[in-house]
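Colleague: I have a model open and would like to go through it with you. Can we take it piece by piece?

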Amino acid sequence: MIAVANAGFRAIAPDYRGYGLSDPPAEPDKASYDDFVIDIVSILECLAISKVCVFVIFHKWINKL
């Protein structure tokens, strides 16, 4: 992430709901890719980051996709 920042970009690494310090979804079995996308879009909006050119890299989503 340091290299990304040094290249002039922002690097944001949110945890999926229920990981890190976040609360798990009310119904974890019903959590979906759409929920994650909504979370990412909300973060971008809160940080006033344009969604024109955003790269998203997923990690450890084998069981969800």
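Colleague: Which residues are exposed on the other side of H2?
Modeller: Asp34, Glu45 and Cys46 are the exposed ones there. Exposed means over 50% relative accessible area, buried under 20%, and partly exposed in between, with a 1.4 Å probe and protein chains only. This is a predicted model, in which local features need pLDDT of at least 70 and side-chain atom pairs count only at pLDDT 80 or more, while totals for chains, interfaces and linings use all residues. Residues are numbered from 1 along each chain as its sequence is written, and side-chain values use heavy atoms, with hydrogens and water left out.

Colleague: And which residues of H2 are buried?
Modeller: Phe36, Ile40 and Leu44. Down the axis of H2 they fall within an arc of 75 degrees, so they line one face of the helix. The arc is taken from the directions from the helix axis to the C-beta atoms.

Colleague: What span should H2 have, and what does the model give?
Modeller: H2 has 14 residues, which at 1.5 Å a residue should span 20 Å, and the end C-alpha atoms are 20 Å apart, so the two agree. The expected span is 1.5 Å times one less than the number of residues.

Colleague: What caps the N-terminal end of H2?
Modeller: Serine 32 does, with a side-chain oxygen 3.2 Å from the backbone nitrogen of aspartate 34. A polar contact here is a pair of N or O atoms within 3.5 Å; within protein, one must be able to donate a hydrogen and the other to accept it, and residues adjacent in sequence count only if both atoms are side-chain atoms.

Colleague: What about just after H2, which residue takes a positive phi?
Modeller: Alanine 48, at about 55 degrees. That is a positive value in a residue other than glycine. Alanine 48 is exposed, with a relative accessible area of 70%.

Colleague: Back into the helix. Where does isoleucine 43 lie, and what is isoleucine 43 in contact with?
Modeller: Isoleucine 43 lies in H2, residues 33–46. Leaving aside neighbours within four places in sequence, isoleucine 43 is in contact with Ile12 and Pro14, contact meaning heavy atoms within 4.5 Å. Isoleucine 43 is partly exposed, at 25% relative accessible area.

Colleague: How far apart are isoleucine 12 and isoleucine 43?
Modeller: They are 31 residues apart along the chain, and their C-alpha atoms are separated by 9.1 Å. Isoleucine 12 lies in the loop between helix H1 (2–6) and H2. At 38% relative accessibility, isoleucine 12 also counts as partly exposed.

Colleague: Now the overall picture. How many helices and strands?
Modeller: Two helices and zero strands. Helices (H or I, at least four residues) and strands (E, at least two) are DSSP runs, numbered from the N terminus.

Colleague: What share of the residues is buried?
Modeller: 12% of the 65 residues. Among contacts with a separation of 6 or more, 41% are between residues 24 or more positions apart.
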